[in-house]
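I opened this entry to record what I looked up on side-chain packing and aromatic contacts. The notes follow in the order in which I made them.

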Amino acid sequence: MDHQTALASLFLPEGRLDPYPAYDVIRAHAPIFQALDGRWFVTTHALTSRLLRDPHLRVADAADYDGFWPDWRQNRGVASIVLSMLQTNPPDHTRLRRAAAATFTARRVAALRDVIAGQAEDLVKAMPSRTDFMSAFAYPLPIGVICALLGVPEADRAWFRQRAADLTVVLEPISTEEEMRLADVAGRDLEGYFTDLIAERRRAPREDLTSALVAVHDDTTGPGMTGEELLANLVLLLIAGFETTTNLLGTGIEILLTRPEQADRLRADPHLAPAFVEEILRYDSPVQLASRFVASPLDLDGGLRLDAGAQLTMLLGSANRDPARYPDPHRFDPDRPNIQPVSFGGGAHYCLGAPLARLEAQVAFPLVLGMLPGLSLAGPGERRDRLVLRGHATLPVTTG
(Lines give C-alpha, C1' and ligand atoms only; values in the text may rest on other atoms or scores of the structure.)
Protein backbone atom coordinates (compact mmCIF):
# COMPACT_ATOMS: atom_id res chain seq x y z
CA MET A 1 0.00 0.00 0.00
CA ASP A 2 1.50 3.36 -1.04
CA HIS A 3 1.04 6.56 0.96
CA GLN A 4 -1.77 7.95 -1.24
CA THR A 5 -3.74 4.71 -0.93
CA ALA A 6 -3.13 4.68 2.82
CA LEU A 7 -4.37 8.27 3.06
CA ALA A 8 -7.48 7.45 1.06
CA SER A 9 -8.25 4.56 3.44
CA LEU A 10 -8.72 7.04 6.29
CA PHE A 11 -11.80 8.35 4.51
CA LEU A 12 -13.43 4.90 4.44
CA PRO A 13 -15.25 3.29 7.40
CA GLU A 14 -12.84 0.35 7.60
CA GLY A 15 -9.86 2.70 7.60
CA ARG A 16 -11.32 4.87 10.35
CA LEU A 17 -11.91 1.80 12.51
CA ASP A 18 -8.14 1.44 12.97
CA PRO A 19 -6.20 4.27 11.32
CA TYR A 20 -2.80 3.39 12.78
CA PRO A 21 -1.57 1.00 10.04
CA ALA A 22 -2.32 3.72 7.48
CA TYR A 23 -0.51 6.29 9.62
CA ASP A 24 2.58 4.06 9.61
CA VAL A 25 2.63 3.94 5.81
CA ILE A 26 2.01 7.68 5.46
CA ARG A 27 4.61 8.68 8.07
CA ALA A 28 7.25 6.41 6.54
CA HIS A 29 6.79 8.24 3.23
CA ALA A 30 7.54 11.77 4.46
CA PRO A 31 7.08 14.20 7.38
CA ILE A 32 4.84 16.23 5.07
CA PHE A 33 3.41 15.45 1.64
CA GLN A 34 0.80 16.76 -0.77
CA ALA A 35 -2.30 14.68 -1.44
CA LEU A 36 -3.85 14.35 -4.86
CA ASP A 37 -6.44 17.03 -4.01
CA GLY A 38 -3.74 19.58 -3.16
CA ARG A 39 -3.94 19.43 0.64
CA TRP A 40 -0.77 18.93 2.65
CA PHE A 41 -0.62 16.26 5.37
CA VAL A 42 1.79 16.41 8.30
CA THR A 43 2.74 13.06 9.82
CA THR A 44 5.57 13.34 12.37
CA HIS A 45 5.67 14.47 15.99
CA ALA A 46 8.45 17.01 15.51
CA LEU A 47 6.86 18.81 12.56
CA THR A 48 3.34 18.64 14.00
CA SER A 49 4.53 20.16 17.29
CA ARG A 50 6.31 22.94 15.44
CA LEU A 51 3.47 23.79 13.08
CA LEU A 52 0.79 23.82 15.77
CA ARG A 53 2.72 26.72 17.30
CA ASP A 54 3.72 28.49 14.07
CA PRO A 55 2.27 32.02 13.70
CA HIS A 56 2.25 31.58 9.90
CA LEU A 57 -0.74 29.24 10.30
CA ARG A 58 -4.37 30.16 10.85
CA VAL A 59 -7.72 28.42 11.17
CA ALA A 60 -10.58 28.78 8.69
CA ASP A 61 -12.65 31.62 10.16
CA ALA A 62 -15.93 33.35 9.31
CA ALA A 63 -14.36 35.33 6.46
CA ASP A 64 -13.04 32.13 4.89
CA TYR A 65 -16.44 30.47 5.20
CA ASP A 66 -18.03 33.52 3.53
CA GLY A 67 -15.77 32.85 0.57
CA PHE A 68 -16.40 29.14 0.02
CA TRP A 69 -19.86 28.71 1.63
CA PRO A 70 -21.84 31.98 1.61
CA ASP A 71 -24.87 30.42 3.33
CA TRP A 72 -23.00 28.77 6.21
CA ARG A 73 -24.73 30.87 8.86
CA GLN A 74 -28.04 29.24 7.97
CA ASN A 75 -26.74 25.99 9.49
CA ARG A 76 -26.67 26.86 13.15
CA GLY A 77 -24.51 23.88 14.05
CA VAL A 78 -21.81 25.20 11.73
CA ALA A 79 -22.35 28.75 12.99
CA SER A 80 -21.91 27.66 16.60
CA ILE A 81 -18.44 26.33 15.79
CA VAL A 82 -17.28 28.97 13.30
CA LEU A 83 -18.26 31.91 15.50
CA SER A 84 -16.53 30.44 18.57
CA MET A 85 -12.89 30.91 19.49
CA LEU A 86 -12.17 27.48 17.97
CA GLN A 87 -12.45 28.95 14.46
CA THR A 88 -11.27 32.51 15.12
CA ASN A 89 -7.90 34.10 14.36
CA PRO A 90 -6.06 36.95 16.09
CA PRO A 91 -6.87 39.59 17.10
CA ASP A 92 -10.42 38.31 17.69
CA HIS A 93 -9.17 34.93 18.93
CA THR A 94 -6.86 36.64 21.43
CA ARG A 95 -9.76 38.71 22.76
CA LEU A 96 -12.14 35.75 23.07
CA ARG A 97 -9.53 33.41 24.48
CA ARG A 98 -8.50 35.94 27.11
CA ALA A 99 -12.10 36.45 28.16
CA ALA A 100 -12.75 32.72 28.47
CA ALA A 101 -9.43 31.99 30.18
CA ALA A 102 -10.14 34.69 32.75
CA THR A 103 -13.26 32.77 33.80
CA PHE A 104 -12.06 29.22 33.10
CA THR A 105 -9.30 29.54 35.69
CA ALA A 106 -6.94 26.95 37.15
CA ARG A 107 -8.47 27.64 40.56
CA ARG A 108 -11.98 26.98 39.26
CA VAL A 109 -10.85 23.74 37.61
CA ALA A 110 -8.87 22.52 40.65
CA ALA A 111 -11.89 23.15 42.87
CA LEU A 112 -13.81 20.58 40.84
CA ARG A 113 -11.71 17.61 42.04
CA ASP A 114 -14.15 16.76 44.82
CA VAL A 115 -17.12 17.27 42.48
CA ILE A 116 -15.55 14.88 39.96
CA ALA A 117 -14.81 12.26 42.62
CA GLY A 118 -18.30 12.52 44.11
CA GLN A 119 -20.04 12.20 40.76
CA ALA A 120 -17.77 9.31 39.72
CA GLU A 121 -18.50 7.40 42.94
CA ASP A 122 -22.25 7.85 42.49
CA LEU A 123 -22.06 6.60 38.90
CA VAL A 124 -20.05 3.52 39.85
CA LYS A 125 -22.42 2.66 42.69
CA ALA A 126 -25.37 2.87 40.28
CA MET A 127 -23.86 0.54 37.66
CA PRO A 128 -25.71 -2.73 37.11
CA SER A 129 -23.74 -5.97 36.83
CA ARG A 130 -23.69 -5.71 33.04
CA THR A 131 -23.82 -2.31 31.37
CA ASP A 132 -22.55 -0.04 28.61
CA PHE A 133 -19.61 1.83 30.11
CA MET A 134 -20.14 4.77 27.73
CA SER A 135 -23.75 5.35 28.81
CA ALA A 136 -23.22 4.45 32.46
CA PHE A 137 -20.01 6.40 33.11
CA ALA A 138 -17.98 7.85 30.22
CA TYR A 139 -20.77 10.18 29.09
CA PRO A 140 -22.52 11.19 32.35
CA LEU A 141 -19.33 12.04 34.27
CA PRO A 142 -17.91 14.73 31.95
CA ILE A 143 -21.34 16.11 31.04
CA GLY A 144 -22.11 16.38 34.74
CA VAL A 145 -18.84 18.18 35.42
CA ILE A 146 -19.06 20.70 32.58
CA CYS A 147 -22.71 21.36 33.37
CA ALA A 148 -21.81 22.00 37.00
CA LEU A 149 -19.15 24.43 35.79
CA LEU A 150 -21.58 26.20 33.45
CA GLY A 151 -24.44 26.15 35.95
CA VAL A 152 -26.72 23.90 33.89
CA PRO A 153 -29.38 22.22 36.08
CA GLU A 154 -28.87 18.50 36.64
CA ALA A 155 -32.29 17.66 35.22
CA ASP A 156 -31.27 19.09 31.82
CA ARG A 157 -28.01 17.18 31.36
CA ALA A 158 -29.30 14.05 29.63
CA TRP A 159 -30.93 16.33 27.04
CA PHE A 160 -27.53 17.38 25.68
CA ARG A 161 -26.13 14.00 24.65
CA GLN A 162 -27.72 13.46 21.25
CA ARG A 163 -27.59 17.13 20.36
CA ALA A 164 -23.87 17.24 21.06
CA ALA A 165 -23.29 14.10 19.01
CA ASP A 166 -25.27 15.60 16.12
CA LEU A 167 -23.49 18.95 16.24
CA THR A 168 -19.90 17.67 16.34
CA VAL A 169 -20.22 16.16 12.86
CA VAL A 170 -19.40 19.65 11.54
CA LEU A 171 -15.84 19.08 12.78
CA GLU A 172 -15.42 16.08 10.50
CA PRO A 173 -13.92 16.38 6.99
CA ILE A 174 -16.74 14.32 5.48
CA SER A 175 -20.44 14.27 6.30
CA THR A 176 -23.77 13.49 4.69
CA GLU A 177 -26.58 15.90 3.92
CA GLU A 178 -28.70 14.30 6.64
CA GLU A 179 -25.92 14.65 9.21
CA MET A 180 -25.61 18.33 8.39
CA ARG A 181 -29.36 18.75 8.74
CA LEU A 182 -29.23 17.19 12.19
CA ALA A 183 -26.30 19.46 13.07
CA ASP A 184 -28.44 22.46 12.17
CA VAL A 185 -31.29 21.22 14.37
CA ALA A 186 -28.89 20.57 17.24
CA GLY A 187 -27.33 24.01 16.86
CA ARG A 188 -30.73 25.70 16.99
CA ASP A 189 -31.75 23.68 20.05
CA LEU A 190 -28.54 24.52 21.91
CA GLU A 191 -28.66 28.20 20.97
CA GLY A 192 -32.22 28.35 22.25
CA TYR A 193 -31.24 26.69 25.51
CA PHE A 194 -28.30 29.00 26.17
CA THR A 195 -30.27 32.09 25.18
CA ASP A 196 -32.67 31.28 28.00
CA LEU A 197 -29.83 30.46 30.43
CA ILE A 198 -28.06 33.75 29.61
CA ALA A 199 -31.25 35.70 30.33
CA GLU A 200 -31.73 33.83 33.59
CA ARG A 201 -28.14 34.49 34.73
CA ARG A 202 -28.43 38.15 33.77
CA ARG A 203 -31.43 38.42 36.09
CA ALA A 204 -29.84 36.37 38.88
CA PRO A 205 -26.06 35.81 38.55
CA ARG A 206 -24.47 32.79 40.24
CA GLU A 207 -20.95 31.51 40.88
CA ASP A 208 -20.73 29.69 37.56
CA LEU A 209 -18.98 30.04 34.23
CA THR A 210 -22.09 31.21 32.39
CA SER A 211 -22.56 34.12 34.79
CA ALA A 212 -18.89 35.03 34.45
CA LEU A 213 -19.05 35.10 30.65
CA VAL A 214 -22.30 37.08 30.70
CA ALA A 215 -20.51 39.63 32.90
CA VAL A 216 -17.69 39.84 30.34
CA HIS A 217 -20.24 40.47 27.58
CA ASP A 218 -22.11 43.11 29.60
CA ASP A 219 -18.95 44.99 30.67
CA THR A 220 -18.80 47.86 28.19
CA THR A 221 -15.47 49.14 29.57
CA GLY A 222 -13.44 46.21 28.21
CA PRO A 223 -13.02 44.41 24.87
CA GLY A 224 -15.62 41.82 25.92
CA MET A 225 -17.51 39.74 23.37
CA THR A 226 -20.59 40.17 21.22
CA GLY A 227 -23.88 38.44 21.96
CA GLU A 228 -23.30 36.09 19.02
CA GLU A 229 -19.82 35.24 20.33
CA LEU A 230 -21.14 34.67 23.86
CA LEU A 231 -23.71 32.20 22.60
CA ALA A 232 -21.27 30.36 20.31
CA ASN A 233 -18.62 30.00 23.00
CA LEU A 234 -21.07 28.66 25.57
CA VAL A 235 -22.11 26.01 23.05
CA LEU A 236 -18.43 25.28 22.35
CA LEU A 237 -17.54 24.97 26.04
CA LEU A 238 -20.39 22.54 26.59
CA ILE A 239 -19.56 20.39 23.55
CA ALA A 240 -15.78 20.47 23.93
CA GLY A 241 -16.10 20.08 27.68
CA PHE A 242 -17.36 16.53 27.49
CA GLU A 243 -17.14 15.13 23.96
CA THR A 244 -13.38 14.50 23.95
CA THR A 245 -13.33 13.54 27.64
CA THR A 246 -16.03 10.94 27.02
CA ASN A 247 -13.81 9.45 24.32
CA LEU A 248 -10.78 9.58 26.61
CA LEU A 249 -12.60 7.73 29.40
CA GLY A 250 -14.01 5.02 27.13
CA THR A 251 -10.77 4.45 25.25
CA GLY A 252 -8.75 4.50 28.45
CA ILE A 253 -10.83 1.92 30.27
CA GLU A 254 -10.71 -0.40 27.24
CA ILE A 255 -6.91 -0.06 27.09
CA LEU A 256 -6.59 -0.84 30.80
CA LEU A 257 -9.03 -3.77 30.83
CA THR A 258 -7.21 -5.42 27.92
CA ARG A 259 -3.96 -5.07 29.91
CA PRO A 260 -4.86 -6.43 33.35
CA GLU A 261 -1.32 -6.02 34.68
CA GLN A 262 -1.45 -2.28 33.98
CA ALA A 263 -4.93 -1.99 35.48
CA ASP A 264 -3.66 -3.71 38.62
CA ARG A 265 -0.73 -1.28 38.86
CA LEU A 266 -3.02 1.73 38.70
CA ARG A 267 -5.49 0.12 41.07
CA ALA A 268 -2.71 -0.42 43.60
CA ASP A 269 -1.15 3.04 43.18
CA PRO A 270 -3.51 5.85 42.10
CA HIS A 271 -0.56 8.26 42.12
CA LEU A 272 0.44 6.74 38.77
CA ALA A 273 -2.69 8.21 37.18
CA PRO A 274 -1.08 11.29 35.54
CA ALA A 275 1.45 9.16 33.63
CA PHE A 276 -1.26 6.66 32.65
CA VAL A 277 -3.50 9.45 31.31
CA GLU A 278 -0.70 10.95 29.22
CA GLU A 279 0.09 7.56 27.70
CA ILE A 280 -3.59 6.92 26.95
CA LEU A 281 -3.74 10.29 25.21
CA ARG A 282 -0.66 9.38 23.19
CA TYR A 283 -1.64 5.81 22.42
CA ASP A 284 -5.14 6.53 21.08
CA SER A 285 -5.88 10.24 20.92
CA PRO A 286 -9.52 11.42 21.29
CA VAL A 287 -8.75 13.99 18.58
CA GLN A 288 -6.98 12.60 15.53
CA LEU A 289 -6.31 15.60 13.32
CA ALA A 290 -6.15 19.40 13.23
CA SER A 291 -6.50 21.61 10.16
CA ARG A 292 -4.79 24.93 9.42
CA PHE A 293 -4.19 27.31 6.50
CA VAL A 294 -0.91 29.01 5.65
CA ALA A 295 -1.34 32.75 6.19
CA SER A 296 1.95 33.80 4.58
CA PRO A 297 4.63 31.82 2.69
CA LEU A 298 6.22 29.26 4.96
CA ASP A 299 9.67 27.69 4.45
CA LEU A 300 10.27 24.21 5.84
CA ASP A 301 13.31 21.96 6.02
CA GLY A 302 14.48 20.44 2.77
CA GLY A 303 13.76 23.56 0.72
CA LEU A 304 9.98 23.08 0.76
CA ARG A 305 7.99 26.32 0.57
CA LEU A 306 4.26 26.38 1.25
CA ASP A 307 2.40 29.24 -0.40
CA ALA A 308 -0.15 31.42 1.34
CA GLY A 309 -3.53 29.69 1.28
CA ALA A 310 -2.13 26.16 1.38
CA GLN A 311 -4.24 23.83 3.54
CA LEU A 312 -2.51 21.69 6.15
CA THR A 313 -3.92 18.70 7.99
CA MET A 314 -1.85 17.58 10.94
CA LEU A 315 -2.39 13.90 11.72
CA LEU A 316 -2.22 14.03 15.51
CA GLY A 317 -2.76 10.28 15.85
CA SER A 318 0.21 9.65 13.56
CA ALA A 319 2.41 12.14 15.40
CA ASN A 320 1.63 10.48 18.73
CA ARG A 321 2.89 7.14 17.39
CA ASP A 322 5.98 8.48 15.66
CA PRO A 323 8.83 6.02 16.40
CA ALA A 324 11.34 8.87 16.09
CA ARG A 325 9.75 10.39 19.22
CA TYR A 326 8.43 7.28 20.98
CA PRO A 327 10.36 4.00 20.55
CA ASP A 328 8.09 1.00 20.05
CA PRO A 329 5.14 3.40 19.64
CA HIS A 330 2.44 0.72 19.29
CA ARG A 331 3.15 -0.56 22.80
CA PHE A 332 1.17 0.96 25.66
CA ASP A 333 3.78 2.00 28.22
CA PRO A 334 2.92 4.54 30.95
CA ASP A 335 6.55 4.38 32.14
CA ARG A 336 7.79 6.17 29.04
CA PRO A 337 9.88 9.24 29.88
CA ASN A 338 8.71 12.69 28.83
CA ILE A 339 5.36 11.77 27.28
CA GLN A 340 4.10 14.86 25.43
CA PRO A 341 1.14 13.95 23.21
CA VAL A 342 -0.14 16.52 20.75
CA SER A 343 -3.72 15.41 21.43
CA PHE A 344 -4.79 18.82 22.75
CA GLY A 345 -3.17 20.79 19.94
CA GLY A 346 -0.66 23.53 20.63
CA GLY A 347 0.06 27.22 20.39
CA ALA A 348 -2.70 29.81 20.48
CA HIS A 349 -5.36 27.15 19.90
CA TYR A 350 -4.16 24.76 22.60
CA CYS A 351 -7.29 23.26 24.17
CA LEU A 352 -8.56 25.52 26.94
CA GLY A 353 -10.19 22.54 28.67
CA ALA A 354 -7.12 20.27 28.65
CA PRO A 355 -6.46 20.65 32.42
CA LEU A 356 -10.08 19.71 33.19
CA ALA A 357 -10.04 16.68 30.87
CA ARG A 358 -6.79 15.48 32.43
CA LEU A 359 -8.15 15.98 35.95
CA GLU A 360 -11.33 14.03 35.21
CA ALA A 361 -9.38 11.10 33.78
CA GLN A 362 -6.79 11.15 36.59
CA VAL A 363 -9.58 10.94 39.16
CA ALA A 364 -11.82 8.53 37.26
CA PHE A 365 -9.50 5.68 36.23
CA PRO A 366 -8.13 4.68 39.65
CA LEU A 367 -11.52 5.27 41.27
CA VAL A 368 -13.38 3.00 38.82
CA LEU A 369 -10.70 0.29 39.01
CA GLY A 370 -10.55 0.50 42.80
CA MET A 371 -14.30 0.35 43.35
CA LEU A 372 -14.79 -2.39 40.75
CA PRO A 373 -11.92 -4.87 41.11
CA GLY A 374 -13.83 -7.38 38.95
CA LEU A 375 -14.56 -4.97 36.10
CA SER A 376 -14.05 -6.62 32.70
CA LEU A 377 -15.01 -6.17 29.08
CA ALA A 378 -18.16 -8.03 28.00
CA GLY A 379 -17.59 -7.61 24.27
CA PRO A 380 -15.66 -5.58 21.71
CA GLY A 381 -17.95 -2.56 21.77
CA GLU A 382 -18.70 -0.35 18.80
CA ARG A 383 -16.48 2.44 17.51
CA ARG A 384 -18.02 5.70 16.34
CA ASP A 385 -17.48 6.15 12.61
CA ARG A 386 -15.54 9.40 12.92
CA LEU A 387 -12.09 10.45 11.74
CA VAL A 388 -11.48 13.57 13.84
CA LEU A 389 -13.19 12.64 17.13
CA ARG A 390 -12.18 9.05 17.86
CA GLY A 391 -14.01 7.03 20.48
CA HIS A 392 -16.56 4.37 21.30
CA ALA A 393 -20.30 4.50 20.73
CA THR A 394 -20.74 1.53 23.10
CA LEU A 395 -18.42 -0.45 25.36
CA PRO A 396 -20.12 -3.35 27.19
CA VAL A 397 -18.66 -4.30 30.56
CA THR A 398 -19.46 -6.52 33.52
CA THR A 399 -18.78 -5.04 36.93
CA GLY A 400 -18.03 -8.29 38.75
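Predicted model: local features only at pLDDT ≥ 70, side-chain atom pairs only at ≥ 80, totals over all residues.

I found the charged end of Arg161 over the ring of Tyr139, at 4.8 Å from the ring centre. I noted a further case at Tyr20, where the charged end of Arg321 lies over the ring, 3.7 Å from its centre.

I then turned to ring pairs and counted 14 aromatic pairs in the structure. For Trp159 and Phe160 I recorded ring centres 5.1 Å apart and planes at 80 degrees; with an angle over 60 degrees, the pair is therefore edge-to-face. I listed Tyr193 and Phe194 as buried. I assigned Trp159, Phe160, Tyr193 and Phe194 to one aromatic cluster.

Next I asked which residues touch the most other members of the largest nonpolar core. In this core of 96 residues, they are Phe137 and Leu238. I noted that helix α15, residues 227-257, contributes the most to this core, with 16 residues. For Leu238 I looked up contacts beyond four places in sequence; among them are Phe160 and Phe194, as well as Ile143, Ile146 and Leu190.

Last, I logged a second, separate core of 35 residues, including Val42, Leu57, Leu315 and Leu316.

How values were computed. Residues numbered from 1 in each chain as written. Heavy atoms only, no water. Core = buried A, V, L, I, M, F, W, Y, C linked by side-chain atoms within 4.5 Å. Buried < 20%, exposed > 50% of the residue type's maximum accessible area, 1.4 Å probe, protein only. Helix = DSSP H or I, 4+ residues; strand = E, 2+ residues; numbered from the N terminus. Contact = heavy atoms within 4.5 Å. Phe/Tyr/Trp six-rings, centres within 6.5 Å; stacked < 30°, edge-to-face > 60°. Lys NZ or Arg CZ within 6 Å of the ring centre and 35° of its normal.
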